[in-house]
Amino acid sequence: MTSSYLVPLLKIVVILNAVLVSVTFMTLLERKVIAWVQVRLGPMRVGPYGSLQPIADAIKLLLKEDITPARADKWVFTLAPIVAMVPALIGFAVIPFDREASFFGYRVSLFVADINVGLLYLVSITSIGVYGIILAGYASNSKFPLLAGLRASAQLISYEIAITMMLVSIVVMAGTLSMVGIIDAQYNAHVWYMFVQPVAFVILFIGGLAETNRAPFDLPEAEQELTGGYHTEYSGMRFALFFLAEYANMIVVSSVATTLFVGGWLRPFPNVQWLGVLDYVPGWLWFLLKTFVFIYVFLWIRATLPRYRYDQLMRLGWKVLIPLGIANLIVTATLKVLF
Amino acid sequence: MLESIVFYTLATLIIGFGVLVVTTRNTVHCVLFLVANFLCVAMIYVLLAAEFLAIIQILVYAGGIVVLYLFVVMLVNLQRQPATAPGRRPQARAGFALAAVMLAELSAILVFSASHPASVAAAAPPAPSGMGNTTMVGLLLYSDYLVPFEVASMLLLVAMVGAIILARKDA
Amino acid sequence: MSTFDTTELTLNMGPQHPSTHGVLRVVLRLDGERVVGCDVVIGYLHRGIEKLCEHRDWQQIVLITDRMDYVAAASNNLGYVETVEKLMSLEVPRRARYIRVILAELQRIASHCLWLGTHAMDMGAMTVFLYCFRERELVLDLFEEYCGARLTYNSMRIGGLPLDIPSGWDKKVRAFCDILESKVPEYEELLTHNRIWRDRTKGIGVIGGADAVALGLTGPVLRGSGVPRDVRKDEPYAAYSDFEFDVPVGTAGDTYDRYLVRIEEFHQSVRIIRQALDGLPEGPIVAKVPRLIKPPAGETYHAIESPKGELGYFIVSDGKSNAPYRFRVRPPSFCNLQALPRLVQGHLMSDVVALIGSIDIVLGEVDR
């Protein structure tokens, strides 16, 4: 009885801690990667080669004055960063890091829950995350952040449709909504879905960029925007929560891409026997490596590409990605039935 | 035992949030309580082993429809009518009357079903082993209920096209 | 359906703003997201330069001209000293004229580096900013070695130059030219064929050739609209008539073409510098001028092609005093900025930032 509650509880604690720590250090990773692309060094002062910079940032943000605008809605103002952060964190409940691993003699499965609607759970969590932005814009009690918040959430909702189409294509191929089941399906099919569904992969990645408000779709956050973003009135740790939520969302999207398209914890060429030496690398390490590659690509894109204007952004989502997504789905379904 | 605790807690929350939706002054708070209400309903679906329905409840209702409610409320700055607005008295009386009728109907249904317990055969057949809620819903939707499904999707399509045409500026 | 009350929204892009490249104030009138009107408010950097110069020695004024277009100080110096030399009918030695051309073209490269970096950064391409500044630093190092300053050079004298180039400087300039030629394709790789860049700049801020001439635009803004006017070719000054170079001209008159024109100007400037270095004559670097300069009474106007456009000086001397009687500058940024209300008509708010960058203004010049 206790073990059926204790083990998942422990897993939740471990995963949450890991996620929160990685999210804080991802700020450092972003600054370093972008700096190196830009012929600079990035943070170098705090700690060896600047590695303790996130701790300094966290202390600074915690000590900042907590300003709430005078006539803002206090409850909603406090609620908005929470509603932005929580969906990003609970998405990790269904991410499978490995099927099984042994720690201290116990064999545990490295995911909190393998529900049989795992993928759908992630999509619904994303749609809850939209509330964080809307409420942040509203709670600032000022017209421009409100409009910026509504615009940002409209962007999120539009790209959700494209992403969901892609996930459905994968579900059609794998025959199951469960995350572990999809990795198993890739194992049985002897191929990573990235090679079978390249269109879906690309569209999922672009949609993921838009969902997490990352460049080139980061107009809601850009400093050059004339009217200020939805988080204008936030300061201190609340402001930090929005950006930590963004990084956590990035990790979730990267993990989803890893699971769906590059085989999750499977090593490269899992069915090829003579590469069995690669089996010594544990599955969760492969998973983390692949996720890291995707995160790096997110950061790389931010350093390289200019920013889309809002109407061009929406045009891309509605007129290009959604028709492509529907076409991909139809082709996938037809081929699946025929073969 | 645990299940009863969870169920009664959720039921209290649902009723509580529902009451708050209709009594709160601030319109945005109303909508937020509605979201909370829908999330609790989704949790009840999970209790009933209908996980697909629960996720769809969150995805479509809480994450789609109520977001649009929120958009409208915020953009149009919808406010509740003040208590002194004309027409409140007759509205309140009509509301009470309708509520009394509903209460009478519900009590009649409860009394009737308590005195006529449903037969075992009329209960829904147990789920075949291994099939999740998603598969069952999918199978039913595309075999027994195909025509209503298609009609519903047509309706949605017409509504979408209509909305786009109405909102488009004359180029 | 038209029962909605739609009013114009007035938005102030205040003097302090990350994208206005200085203390420029733009008051936009918006209909939803579209700009229906725009008022430009300038003067926040007015320092009374023209009046100041009426109380300074002819030689001291060179210092002050540095501070107008502070991004391209040597060009300002050049324009001024050439105007006074024209007023005095002074012949500048050939060596000095060649070195002046080298300095002016290096300045053009530095100015365009800054323009490209800020323009790209306004649209989100942060990396180009740092790459361009890396090259600009090299130019600034060259100038520092020549005259000791990185931004305000005071690098010209009436009649020639204050200093001869240090030994080894010409080799460094050649090395820099090679470096730049390898780096400009890097910028182009990031921007020129980038789908997002093209979407943000093609068709934005279109102005036709005739309208551009009527508005008095000059420089890359004019050349982007198809008018092949370049003071270095049409009225050669310094040693430009000795060199072979092309004047890039655009066709569509939009932001993308103005961008392409300035990118090509990088290459042409390198071409000119290399020719100047190859043909650098020996000789004195300053003409025989009296210790106290007093041009004869008269007035003259002389223009040069600064990186921003046609920079003109109109100077009136009364022949008696130590300072000009009237010192008037025709700043290219000031005249080009007049086009902004025309250019932003009908565009979205996000395009205003792109257009301010595309015109390439320096507030020091606009306000003086």
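This is a predicted model: local features need pLDDT of at least 70, side-chain atom pairs count only at pLDDT 80 or more; totals for chains, interfaces and linings use all residues.
Student: What separation do the end C-alpha atoms of helix α3 (residues 73–88) of chain C show, and what span should its 16 residues have?

Tutor: The reasoning starts from 1.5 Å a residue, at which the 16 residues should span 22 Å.

Student: How many of the 16 residues of α3(C) are buried?

Tutor: Buried here means under 20% relative accessible area. The helix is largely enclosed by the rest of the structure, because the buried residues of α3(C) number 15 of the 16.

Student: Which residue just after α3(C) takes a positive phi?

Tutor: The phi in question is about 55°. The residue that takes this value, just after the helix, is Ser89(C).

Student: What area is buried between chain A and chain B, and which three residues of chain A supply more of its share than any other three?

Tutor: The buried area is about 1,900 Å², with carbon and sulfur atoms giving 81% of that area. On the side of chain A, 27% of the area buried against chain B comes from Leu120(A), Tyr131(A) and Leu150(A).

Student: How many salt bridges and how many residue pairs in polar contact does the rule find across the interface of chain A and chain B?

Tutor: For salt bridges the rule finds zero. For polar contact, with both residues at pLDDT 80 or more, the number of residue pairs is three.

Student: Which element gives the largest share of the side of chain A that touches chain B?

Tutor: The elements giving two or more residues to this side are α3 (74–90), α4 (118–139) and α5 (143–174) of chain A. The largest share is ten residues, and it comes from α4(A).

Terms used:
Residues are numbered from 1 along each chain as its sequence is written. Chains are lettered from A and ligands numbered from 1 in the order in which they are written. Side-chain values use heavy atoms; hydrogens and water are left out. Helices (H or I, at least four residues) and strands (E, at least two) are DSSP runs, numbered from the N terminus. The expected span of a helix is 1.5 Å times one less than its number of residues. Buried means under 20% relative accessible area, exposed over 50%, partly exposed in between (1.4 Å probe, protein chains only). Buried area is the accessible area (1.4 Å probe) that two parts lose on being put together, summed over both. A salt bridge is a side-chain nitrogen of Lys or Arg within 4 Å of a carboxyl oxygen of Asp or Glu. A polar contact is a pair of N or O atoms within 3.5 Å; within protein, one must be able to donate a hydrogen and the other to accept it, and residues adjacent in sequence count only if both atoms are side-chain atoms.
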